[in-house]
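Dear colleague,

Please find the structure below, handed over for your use. My notes on what was found in it follow directly after.

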Amino acid sequence: MLQPVELKDFFITFFASGIIIVSGALYALFYAFYHLKKIAVLNYLAYVSYFVLFISVLIITQTMHLDKIWTIVVIAMLVGYFLAPRGIWHLCVATHKEKGYEQK
Amino acid sequence: MTINQFNTQNLNVGQKLAIKYFSVAVVLFAAQILFGLIAGLQYLQPDLFYGVLDFNVNRTVHINAMIIWMLYGFIGASYWLLEDETGISIVGIKWGHFSFWLLTVAVIIVVLVYLFIQWGPGTDATIWFINEGREYIEAPRLADIGIVICMLIFFYNVAATVSKGKVTGITGVLTLDLVALAGLYLAGMFYTTNISLDQFWWWWVIHLWVEATWEVLVGCIMAWGLITTLGASRKIVTTWLYIEVALMFGAGILGLGHHYFWIGTPEYWFTVGGLFSALEPIPLVAMVVHAVYDSGKHGFKSNNHPAMAWLIAHAFGNFFGAGVWGFMHTLPQINLYTHGTQWTASHGHLAFFGAYATIIIAMFYFAVQKWRGGVTIRGDLVDSGWKWKWSLALLNIGVMGMTIALLISGYEQSQIERAIGGSTWLGYFQAQIHPWFVEGLVWRQIMGYITALGFILLVWDLLTIGKKEPLELESKVA
């Protein structure tokens with residue numbers, strides 16, 4: 001069953017949903033820059049970004065009533081946004097590793 | 001080879017055809033903006049052109065022009081890169097030219113019919129000759145058949161050329177994608193008397209074209225663009241094209257479910273649509289990693305700065321328009337209130353511009369560069385490149401401004417009309433006269449004018465950029 005967002009929660013729902021994507025991108029950005037530059041503060045910023053994403057997901061879990069079957073969506077977001085940048089980083093390293101691939 | 005002036009001798013056979021497609025695309029882009037401005041004005045002055053050029057007609061032309069100019073852009077882009085990729089002349093190029101004229105004549109007839117014959121009862125005959133009645137693809141069925149024939153000829157040109165020439169990752173993906181491009185359009189052509197069934201198939205065209213086949217086409221163009229402008233490794237780019245296609249199809253196909261929330265489909269579509277919609281932005285977010293990796297590991301230099309700038313605008317526009325603006329209202333718990341309001345228009349404006357218009361404009365700049373004999377278009381242009389920089393800025397500011405203005409109107413609409421008014425007529429009219437809604441639309445109009453100004457500059461720049469560059473610049477090509 002679907003329980004719609006309540007009127008009082010409209011703004012926070014829109015805002016938190018947007019923040020999920022933006023903080024997900026910031027997490028990916030800082031994560032990649034940390035692995036590229038090895039500057040510790042970037043790593044902290046990456047996890048702060050993910051923490052913001054985590055909180056935002058919790059907020060929409062409350063406001064959008066994401067319980068029961070909808071828990072799948074919450075887990076998919078938390079796991080997906082956490083692991084995808086890591087997976088892509090490993091793919092980047094792997095695809096660029098072979099000799100002769102660096103430049104045309 | 002002739003430097004500095006437009007000369008088709010600078011182009012291969014496919015590129016000559018591509019120029020035709022690009023030229024019509026620019027004209028239709030102008031039509032999209034013009035009819036969008038008129039439709040926007042009609043929100044503010046509802047009696048404007050009443051009975052002469054009604055809002056429903058303007059809106060139809062505005063939206064259809066967008067779909068078709070982008071289609072022209074994609075077809076042109078594919079012809080543009082095909083001979084470079086396969087190493088041979090395009091097979092059946094005469095059919096390609098025939099297809100271009102067939103499509104263009106069909107488009108002209110359809111637009112004229114939209115403008116002059118859109119009243120009277122809807123009958124079986126009007127489905128064939130006047131209007132099929134499905135938003136975005138209103139073209140009558142006769143024109144639909146023409147479009148499918150053109151897509152099949154386009155597919156034949158590409159598939160036959162690829163099969164006889166060199167098969168690359170880009171051309172392989174492109175060929176397979178064209179099967180889906182032509183095939184999915186068929187889903188929008190049959191008619192059922194059950195509105196739920198009708199909508200079910202209609203979304204196959206709208207969603208799966210836009211969020212699957214078009215995205216793959218864009219992936220192919222982007223891959224070719226990265227190799228051409230930045231000298232990126234073909235093997236890496238191709239590998240990433242495969243990864244991108246897998247990620248996009250993985251989340252995008254069943255993301256279709258977010259259009260099935262309110263059309264009478266079974267309840268499980270709420271969960272399916274919700275889950276895959278939540279996953280859809282993940283590839284966009286993850287690709288940030290790849291962009292950072294490449295910018296850090298490679299010292300790429302571009303010989304076409306405007307094209308490069310528009311490719312960057314594409315990355316950001318796609319992320320914000322499709323990712324952020326899409327996810328803000330995609331889960332059914334909130335979509336119940338936002339669906340079909342100006343929220344949707346806000347998302348649509350930024351997503352279509354960011355994901356598609358930007359990359360086609362980048363292709364225009366590639367085309368102009370080669371058409372002028374391969375001049376270098378870098379930061380040291382004679383006029384310092386003010387026209388392309390201002391057109392880039394104005395178009396992006398204009399579209400972003402329209403997006404935010406529509407967001408404000410849509411937010412008000414979702415509250416007053418939907419949540420409080422319960423989607424009643426009273427709620428609808430209360431929302432339409434609310435100051436937030438009206439002011440949002442005023443600002444949308446102002447931002448529309450800025451967009452139009454950016455477009456005029458863009459056309460001026462496309463016609464003049466590289467014209468006065470000293471010939472010695474050619475030696476600087478990276």
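Across the interface of chain B and chain A in this predicted model, 4 residue pairs are in polar contact, both residues being at pLDDT 80 or more. A polar contact is a pair of N or O atoms within 3.5 Å; within protein, one must be able to donate a hydrogen and the other to accept it, and residues adjacent in sequence count only if both atoms are side-chain atoms.

On the chain B side, the elements that give two or more residues are helices H8 (234-255), H9 (268-279), H10 (281-297), H11 (305-327), H12 (332-338) and H14 (386-420). Helices here are DSSP runs (H or I, at least four residues), numbered from the N terminus. H10(B) gives the most, with 12 residues. By class, this side has 34 nonpolar, 14 polar and 4 charged residues, where Ala, Val, Leu, Ile, Met, Phe, Trp, Tyr, Cys and Pro count as nonpolar, Asp, Glu, Lys and Arg as charged, and the others, Gly among them, as polar.

The buried area (accessible area, 1.4 Å probe, lost on putting the two parts together and summed over both) is about 4300 Å² between chain B and chain A, and carbon and sulfur atoms give 81% of it. Val289(B), Tyr293(B) and Gln333(B) supply 17% of the area that chain B buries against chain A, more than any other three residues.

Confidence should be read alongside this. The mean pLDDT (the predictor's confidence in each residue, from 0 to 100) of chain B is 89, and 97% of its residues reach 70 or more. Within chain B the value is lowest in H10(B), at a mean of 76, and highest in helix H16 (residues 435-464), at 97.

Over all chains the count is 9 salt bridges. Glu132(B), Arg134(B), Arg141(B) and Asp198(B) are linked in a network of them. In it, Glu132(B) pairs with Arg134(B) at 3.7 Å between the closest N and O atoms, and with Arg141(B) at 3.2 Å, N to O.

As to conventions, residues are numbered from 1 along each chain as its sequence is written, and chains are lettered from A and ligands numbered from 1 in the order in which they are written. Local features need pLDDT of at least 70 and side-chain atom pairs count only at pLDDT 80 or more, while totals for chains, interfaces and linings use all residues, and side-chain values use heavy atoms, with hydrogens and water left out.

With kind regards

Terms used: A salt bridge is a side-chain nitrogen of Lys or Arg within 4 Å of a carboxyl oxygen of Asp or Glu.
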